[in-house]
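Visitor: I am new to this structure and would like to be guided through it slowly. Could you show it to me, and then take my questions in turn?

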Amino acid sequence: MVFLQVISCFGLSVVSCRYVGFAVVALLVEINSVFLHLRQVMRMSSMAAGTLYRVNSMTNLGTYVVFRINTLAWMTRWLVLNRDKVPLLAYTLGSVGMAIMTAMNIVLFYRLLRSDFLKGSAREAKKM
């Protein structure tokens, strides 16, 4: 479903030759994907205990905030402020897409925090 939504949003931009800048800004999210995938590769290769993994985790979290959360917030703000300039179909498609992506990113952010940064404190709380 998410794949279909992303294809629909980018497809609308390509077919209508409008909102291309908006679509390009959406691609900024992919900068964080480099560190997210590197994290997964390091976990699969049993490198999750090293310093390099820790540095990648911090970089991943930093790029997550800058390139995912800030980008999605800016895009949502732009869509709301330009509601009267955007046709109903594009506005609906964009709003649904942004809602789906925001929900997914909130869940992913929580899982990253819990997995890489809150696991020590969770173990300490269980010991008490």
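Visitor: Is M42 buried or exposed?
Guide: This is a predicted model, in which local features need pLDDT of at least 70 and side-chain atom pairs count only at pLDDT 80 or more, while totals for chains, interfaces and linings use all residues. Residues are numbered from 1 along each chain as its sequence is written, and side-chain values use heavy atoms, with hydrogens and water left out. A residue is called buried under 20% relative accessible area, exposed over 50% and partly exposed in between, with a 1.4 Å probe and protein chains only. M42 has a relative accessible area of 3%, so M42 is buried.

Visitor: Which residues is M42 in contact with, leaving aside its neighbours within four places in sequence?
Guide: M42 lies in helix α3, where helices are DSSP runs of H or I with at least four residues, strands are runs of E with at least two, and both are numbered from the N terminus. Contact means heavy atoms within 4.5 Å. Once the neighbours within four places are set aside, the contacts of M42 are M47, A48, L52, Y53 and N56.

Visitor: How far apart in space are I31 and V66, C-alpha to C-alpha?
Guide: I31 is found in helix α3, which covers residues 29–44, and I31 is partly exposed, with a relative accessible area of 35%. In sequence I31 and V66 are 35 residues apart, whereas in space their C-alpha atoms are separated by 9.7 Å.

Visitor: What is the phi of C17?
Guide: C17 lies in the loop between α1 (2–16) and α2, and C17 is exposed, with a relative accessible area of 63%. Y19 lies in the loop between α1 and α2 as well, and Y19 has a positive phi of about 60° although it is not a glycine. For C17, another residue other than glycine, phi is also positive, near 55°.

Visitor: Why is the chain called more spread out than a compact globule?
Guide: From the N terminus on, the elements run α-α-α-α-α-α, which comes to 6 helices and 0 strands. The globule rule is 2.2 Å times the number of residues to the power 0.38, and the radius of gyration is taken over C-alpha atoms. The rule gives 14 Å for 128 residues, and the chain is more spread out than a compact globule because its radius of gyration is well over that, at 18 Å.

Visitor: What share of the 128 residues in the chain is buried?
Guide: The C-alpha atoms fill a box of roughly 55 × 30 × 25 Å, taken along the principal axes. Of the 128 residues in the chain, the buried ones make up 27%.
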